[in-house]
There are 2 protein chains.
Amino acid sequence: MKELPVQIQLNPEDKKHLYEQIYEYIRQEIRSGNLLTGEKLPSSRYLAEFLQISRTTVDMAYGQLVSEGYLEARPQRGYFVCAIEELYDIPASGEGRKQHRGEGLFAGRPGLPEAKHTKDGMECGKAYRYDFSPNAIDMSLFPYATWKKITKNILVDARSSLFSLGEPQGDLALRVTISRYLHASRGVNCRPEQIIIGAGNDYLLLLLEKILGRHIPVAMENPTYKRACMIFRSFAYPVSFIPMDENGMLPDALRKSGAQLAYVMPAHQYPTGIVMPIGRRTELLNWASEKEERYLIEDDYDSEFRYRSKPIPSLKASDQNDKVIYIGTFSKAIAPAIRISYMALPAGLLERYRKNCSFYASTVSRIDQTILNEFIQDGYFERYLNKMRKHYHLKHDLMLRELKDLEKDFEISGENAGLHIVLTDRKNRGEEALRACAEDAGIKVYPMAEFYMETPPCTKRKAAVILGYGALSPEEITEGLRLLKAAWQK
Amino acid sequence: MKELPVQIQLNPEDKKHLYEQIYEYIRQEIRSGNLLTGEKLPSSRYLAEFLQISRTTVDMAYGQLVSEGYLEARPQRGYFVCAIEELYDIPASGEGRKQHRGEGLFAGRPGLPEAKHTKDGMECGKAYRYDFSPNAIDMSLFPYATWKKITKNILVDARSSLFSLGEPQGDLALRVTISRYLHASRGVNCRPEQIIIGAGNDYLLLLLEKILGRHIPVAMENPTYKRACMIFRSFAYPVSFIPMDENGMLPDALRKSGAQLAYVMPAHQYPTGIVMPIGRRTELLNWASEKEERYLIEDDYDSEFRYRSKPIPSLKASDQNDKVIYIGTFSKAIAPAIRISYMALPAGLLERYRKNCSFYASTVSRIDQTILNEFIQDGYFERYLNKMRKHYHLKHDLMLRELKDLEKDFEISGENAGLHIVLTDRKNRGEEALRACAEDAGIKVYPMAEFYMETPPCTKRKAAVILGYGALSPEEITEGLRLLKAAWQK
């Protein structure tokens with residue numbers, strides 16, 4: 001036990017309370033290293049007697065030090081100095097991320113933007129030379145300089161209003177821009193008043209729960225975007241998984257499910273890559289129109305990337321009865337860091353939002369909204385999209401060319417849009433076998449089973465794997481597929 | 001009816017489908033102004049016959065134009081050109097805001113940061129020369145140049161990782177910085193792993209609902225921060241309002257309420273300005289420790305601004321049994337536009353967050369997190385806080401000096417911290433009378449009744465009004481109070 005008491009100089013004349021003087025002295029001793037981790041302090045009784053003060057005063061000082069993490073009280077044993085560095089210990093790099101991945105979440109689309117950077121590294125103890133992640137995107141052509149320039153210009157004439165809290169729905173200027181963009185590019189006919197801007201799709205779904213209310217039965221495609229399903233389940237919404245044919249969700253099964261809400265990705269279903277044809281869209285719109293409380297959520301994710309024929313207008317574009325909740329994001333088309341998504345609400349739900357939820361403060365800063373607005377208005381967004389479309393198109397065509405050799409073994413689908421392709425095995429070797437075989441060659445592929453929320457009986461579907469190419473360079477695609485083909489054709 | 005058909009040149013050899021050619025022709029006619037708003041188009045039957053094509057083709061073209069908002073279908077009458085400018089009509093300035101305010105939401109603290117700018121303007125048809133809003137803050141000393149410099153430097157060496165999606169809980173670097181800041185300034189002893197960064201307090205409460213689960217009975221102080229109450233009610237959490245004495249929430253009433261969760265503002269209760277003494281804090285902590293499922297939410301709003309004596313450590317600092325959910329924000333201490341709040345979770349809830357909610361993507365961009373992190377780490381935050389504390393201190397002292405004349409009529413409380421003062425009328429003239437009288441003199445004051453969720457019987461409390469001074473200059477305070485005193489002392 002350190003000879004602590006001898007050193008303390010209490011000054012009853014000091015404005016500081018005695019307990020504070022003791023507290024500060026001991027804290028200083030610990031911070032300066034005079035008291036070392038694990039050292040025992042004198043008991044409060046002993047210290048009180050020694051200093052001729054009340055024991056309560058010492059207890060208060062010790063209590064404060066315990067609550068601030070400098071001391072630890074061990075029952076029956078006394079007070080000991082804590083290892084305070086521990087407080088700020090940074091976990092070994094990647095530890096947090098590994099933990100996150102360990103929870104089986106990689107299927108969440110915004111999950112692996114950095115997959116490219118980890119492809120030569122270790123993951124879950126496995127080394128991959130090439131990771132065909134369907135989530136990864138290519139940021140190499142992003143106009144960083146333009147983004148910086150816009151940011152700089154905005155901040156140069158920043159007024160305090162830019163630093164104030166904006167409208168709960170988002171800045172009107174950006175909502176006008178988004179409504180124009182949606183009209184021009186996706187055929188969506190919605191007014192700026194119907195648009196809610198939020199920090200990501202997940203946040204918009206949280207808000208939507210507050211608008212729609214409780215216990216709404218939801219129907220989802222199967223396989224589907226797992227993160228959305230986890231979110232609905234976190235709302236305690238009962239989720240039904242509706243089987244799909246080559247045109248998408250089956251309307252009869254949807255009708256039988258009793259769902260009020262159907263979550264669909266008509267532009268390029270994730271992960272199957274199905275583009276829903278107009279007939280099926282009409283059937284789903286009809287389903288929604290049959291009852292007042294029915295709505296469709298259109299997740300228009302990656303609709304920006306379509307390589308053959310004209311872009312297909314959104315489901316919302318055909319939404320004559322105002323039944324479609326349209327959700328889009330700039331996370332994929334610009335960058336995952338841009339935490340800006342938007343939701344266009346049908347009139348009925350807009351009214352409910354205004355009545356019940358419009359007090360929720362905006363989750364996107366006005367500065368970020370202003371930067372994005374200028375990026376779109378000045379035409380940079382369109383140029384960047386066009387560039388990326390060409391860029392991904394080249395990779396897409398290269399994928400198809402390189403995969404030609406596999407056509408006798410695999411059916412290729414989900415092409416012509418998005419950033420991934422689906423290979424369905426004609427020999428039905430089993431997804432796990434295909435994955436393991438690829439892994440042995442250093443290639444990460446994504447078995448379709450991982451996108452099913454409830455795995456259907458094996459007899460129902462053929463083995464399929466997903467290959468994303470967004471973040472890989474043409475050389476990496478060529479070399480990765482060479483290794484993959486060699487592995488699978490052994 | 002426009003002689004439209006004559007002009008259309010259909011080309012069957014064109015790669016474009018006929019319906020698309022019709023669609024594009026009409027769209028171009030509308031866009032170029034050849035077809036004007038309200039003009040009737042030929043019926044689809046007529047046009048099909050004229051062009052010698054199938055009527056379905058024309059219907060498809062018309063349908064597309066309707067869904068894109070170019071045409072409007074009027075039953076029994078035909079198709080008419082829409083006024084497309086309407087789509088992008090910007091509501092008259094301030095309309096959106098007025099609507100928002102009209103919903104009685106001004107009591108929400110982050111509500112009126114721009115009050116200063118509107119004080120000479122019209123609001124709800126009333127003109128105010130000086131608005132003593134308790135929500136408004138002073139941005140005049142904000143180090144815009146520093147913020148810009150940091151932003152610029154960060155973007156200069158921006159790597160793509162900065163544009164990628166960060167950890168769901170927030171960037172570790174910022175969480176480490178926040179945990180250090182909380183430790184140093186608020187005595188909070190929490191590890192970076194316990195901190196969740198989110199886009200505003202409202203978002204963090206939404207996330208907390210997912211962590212805590214359903215139907216959690218909540219206790220709130222009364223009067224209180226109304227927005228939090230509205231949020232709890234939007235969760236369908238039953239909310240009880242607990243009476244307060246001069247030390248804050250009454251523990252016996254809290255115990256009787258059956259609440260599992262108590263939302264308190266110990267540092268400077270909003271709006272009463274009560275600073276909860278240690279004894280009451282201990283009582284509340286004891287209440288929480290009695291049952292496993294009980295927790296306290298500590299909203300540590302505006303704890304940064306304390307003008308007499310040392311800052312009081314947070315409730316969380318005394319939280320030996322890990323029962324306090326600590327919520328703080330940078331909206332007041334930096335700027336409302338900085339949509340960054342943080343929540344420190346007790347170990348038990350952290351586990352539940354990791355298990356059930358950690359898939360929710362972060363709502364704050366990595367760029368914003370990095371800027372804030374540097375702003376704090378480089379010492380700018382501390383300097384700015386010190387400057388603002390002095391600045392607000394001067395205004396606070398000026399308020400007290402100027403209000404001295406009113407002491408015979410009013411009891412003054414809630415001083416020494418925060419950005420507002422409470423005046424309780426000794427003559428009990430009635431809040432509405434005081435407010436109306438001030439309004440006639442062009443002064444906006446805030447009756448206490450507006451902060452009560454359920455107005456207690458008049459006999460229970462004296463009339464009180466709230467005067468905020470954050471955004472007013474010393475000259476404005478002096479002149480505003482001169483007018484107010486003259487009005488009330490008439």
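## Strands, cores and rings in a predicted model

Trainee: Which residue stands opposite A:Tyr342 in β14(A)?
Mentor: Let's begin with the words: helices (H or I, at least four residues) and strands (E, at least two) are DSSP runs, numbered from the N terminus. Two strands pair if DSSP finds at least two bridges between them. Strand β6 (residues 195-198) of chain A is joined to β14(A) by four bridges, and the two run antiparallel. Opposite A:Tyr342 stands A:Ile197.

Trainee: Thanks! What kind of model is this?
Mentor: Residues are numbered from 1 along each chain as its sequence is written, while chains are lettered from A and ligands numbered from 1 in the order in which they are written. Side-chain values use heavy atoms, with hydrogens and water left out; local features need pLDDT of at least 70, side-chain atom pairs count only at pLDDT 80 or more, and totals for chains, interfaces and linings use all residues, since what you have here is a predicted model.

Trainee: Back to β14(A): are its residues buried or exposed?
Mentor: Buried means under 20% relative accessible area, exposed over 50%, and partly exposed in between (1.4 Å probe, protein chains only). From β14 (residues 341-344) of chain A, A:Ser341 and A:Met343 point one way, A:Tyr342 and A:Ala344 point the other way, and all of them are buried.

Trainee: And which residue stands opposite A:Ala344?
Mentor: Here we turn to another partner, β13 (residues 324-329) of chain A, which pairs with β14(A) in the antiparallel sense over four bridges. The residue facing A:Ala344 is A:Tyr326.

Trainee: How much of chain A is buried?
Mentor: Chain A holds 17 helices and 19 strands. Out of its 490 residues, the buried share is 60%.

Trainee: Why does A:Asn222 count as buried?
Mentor: First find A:Asn222, in the loop between β7 (218-221) and α10 (226-234) of chain A. Leaving out residues up to four places away in sequence, A:Asn222 touches several others, including A:Phe241, A:Met244 and A:Tyr452, where contact means heavy atoms within 4.5 Å. A:Asn222 counts as buried because its relative accessibility is 13%.

Trainee: What about B:Pro12: why does that one count as exposed?
Mentor: B:Pro12 also sits in a loop, between α1 (4-7) and α2 (18-31) of chain B. B:Pro12 counts as exposed because its relative accessibility is 67%.

Trainee: Which residues have the most contacts inside the largest nonpolar core?
Mentor: A nonpolar core is a set of buried Ala, Val, Leu, Ile, Met, Phe, Trp, Tyr and Cys residues joined through side-chain atoms within 4.5 Å. The largest has 134 residues, and those with the most contacts inside it are A:Phe163 and B:Phe163.

Trainee: How many residues are in the other core?
Mentor: That core lies apart from the largest one, and among its members are A:Leu212, A:Cys229, A:Leu345 and B:Ala464. Its number of residues is 90.

Trainee: What kind of aromatic pair do A:Phe142 and A:Tyr144 form?
Mentor: Rings of Phe, Tyr and Trp (its six-membered ring) pair if their centres lie within 6.5 Å; planes under 30 degrees apart count as stacked, over 60 as edge-to-face and the rest as tilted. Both A:Phe142 and A:Tyr144 are buried, and they belong to one aromatic cluster with others, including A:Trp147 and A:Tyr326. Their ring centres are 5.0 Å apart with 75° between the planes, so by the definition the pair is edge-to-face.

Trainee: Which strands stand at the edges of the four-strand open sheet in chain B?
Mentor: The order in this sheet is β15-β16-β19-β18, with antiparallel pairing. Two of these strands have a single partner strand each, so one side of each is left without a neighbour in the sheet: β15 and β18 (446-447) of chain B.

Trainee: In β16(B), which residue is the bridge partner of B:Phe410?
Mentor: Strand β15 (residues 410-413) of chain B has a covered face, with B:Phe410 and B:Ile412, and an uncovered one, with B:Glu411 and B:Ser413. β15(B) pairs with β16 (residues 420-425) of chain B in the antiparallel sense over four bridges. In β16(B), B:Ile412 has B:Leu423 as its bridge partner. For B:Phe410, the partner is B:Asp425.

Trainee: Last one: which residue takes a positive phi in that hairpin?
Mentor: The hairpin of β15(B) and β16(B) has six residues between the strands. The residue with a positive phi, near 75°, is B:Gly414.
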